[in-house]
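Please read the following report with the sequence and the 3D view side by side, and look up each residue as it comes up.

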Amino acid sequence: LAGDPVFPPLEFRNADGTMKGYTTDLLAIAAKRIGITIETVITFDRMDAEQKVRSGRAEILGVSVKADKVPEGLLQTEAYQTFPSVIIVPSSSQSGNVNLDLLRDKKVGVVAGWPEEAYIREHYPDIDLQTVPDNETGLNKLAFGNFEAFVTLLPTASHVIQEQGIT
């Protein structure tokens with residue numbers, strides 16, 4: 001198993017280096033039911049996890065977000081769980097519903113390599129898209145005014161906002 005160590009609460013590496021999270025727990029239950037053990041390969045980020053699967057050093061990714069284009073060298077199953085992407089803006093910036101059309105010509109953050117990046121680049125080329133390595137970096141940049149919005153998955157955004165005390 002090659003997991004993303006910075007994708008809480010779905011999967012992440014805790015202080016002692018052990019992979020934890022929703023996906024890790026779910027895979028452990030499945031492995032127990034079918035009588036197999038799952039060994040975790042140490043990875044540094046999502047791109048490293050994908051590379052370890054491509055090279056044969058791991059056989060599965062812990063979490064894979066369904067995308068229009070599956071990364072080269074990987075296969076993808078049907079989704080077993082879905083999570084919505086959300087647009088997060090500072091409470092002082094907009095009232096009412098925010099959508100991507102309203103963010104044209106605005107600086108918007110996304111996690112590099114995630115499906116939100118490809119989707120926005122293809123469908124909203126007028127958005128000034130800025131990539132960050134992880135959700136924590138992106139949400140902190142949003143909080144400090146470096147972005148006008150940040151687009152990511154709801155569970156990871158909720159987790160980081162709560163853990164970091166971002167308001």
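## Thr24 in helix α1

Thr24 lies in helix α1, which covers residues 22–34; helices here are DSSP runs of H or I with at least four residues, strands are runs of E with at least two, and both are numbered from the N terminus. At 17% relative accessibility, Thr24 counts as buried, where buried means under 20% relative accessible area, exposed means over 50%, and partly exposed is in between, with a 1.4 Å probe and protein chains only. When its neighbours within four places in sequence are left aside, Thr24 is in contact with Leu10, Glu11 and Met19, contact meaning heavy atoms within 4.5 Å.

## How the model is treated

This is a predicted model, in which local features need pLDDT of at least 70 and side-chain atom pairs count only at pLDDT 80 or more, while totals for chains, interfaces and linings use all residues. Residues are numbered from 1 along each chain as its sequence is written, and side-chain values use heavy atoms, with hydrogens and water left out.

## The chain as a whole

The chain contains 5 helices and 7 strands, and from the N terminus on these elements run β-β-β-α-α-β-β-α-β-α-β-α. The radius of gyration is 17 Å, close to the 15 Å that the globule rule gives for 167 residues, so the chain is as compact as a globular protein of that length; the radius is taken over C-alpha atoms, and the rule is 2.2 Å times the number of residues to the power 0.38.

Of the 167 residues, 34% count as buried. Among contacts between residues at least 6 apart in sequence, 50% join residues at least 24 apart.

In soluble globular proteins, nonpolar side chains tend to be buried together. A nonpolar core is here a set of buried Ala, Val, Leu, Ile, Met, Phe, Trp, Tyr and Cys residues joined through side-chain atoms within 4.5 Å. The largest such core has 15 residues, of which Phe7, Leu139, Leu142 and Phe150 touch the most other members. At least two residues of this core come from each of α4 (135–143), β7 (149–153) and α5 (154–164).

Which residues is Leu139 in contact with, leaving aside its neighbours within four places in sequence? They are Ile88, Phe150, Ala157, Val160, Ile161 and Ile166.

## Asp45 and the chain end

Asp45 has its place in the loop between α1 and α2 (46–54), and it is partly exposed, with a relative accessible area of 34%. Beyond its neighbours within four places in sequence, Asp45 is in contact with Asp4 and Pro5. Asp45 and Ala2 are 43 residues apart in sequence, and their C-alpha atoms are 9.6 Å apart in space.

Thr167 is found in the segment after α5 and counts as exposed, at 97% relative accessibility. The C-alpha atoms of Thr167 and Pro90 are separated by 8.4 Å, although these residues are 77 residues apart along the chain.

## Two backbone details

Pro9 lies in the loop between β1 (6–7) and β2 (11–13), and the peptide bond from Pro8 to Pro9 is cis, with omega near 0 degrees.

Asp105 is placed in the loop between β4 (85–88) and β5 (107–111). Asp105 has a positive phi of about 65 degrees although it is not a glycine, and it is exposed, with a relative accessible area of 67%.
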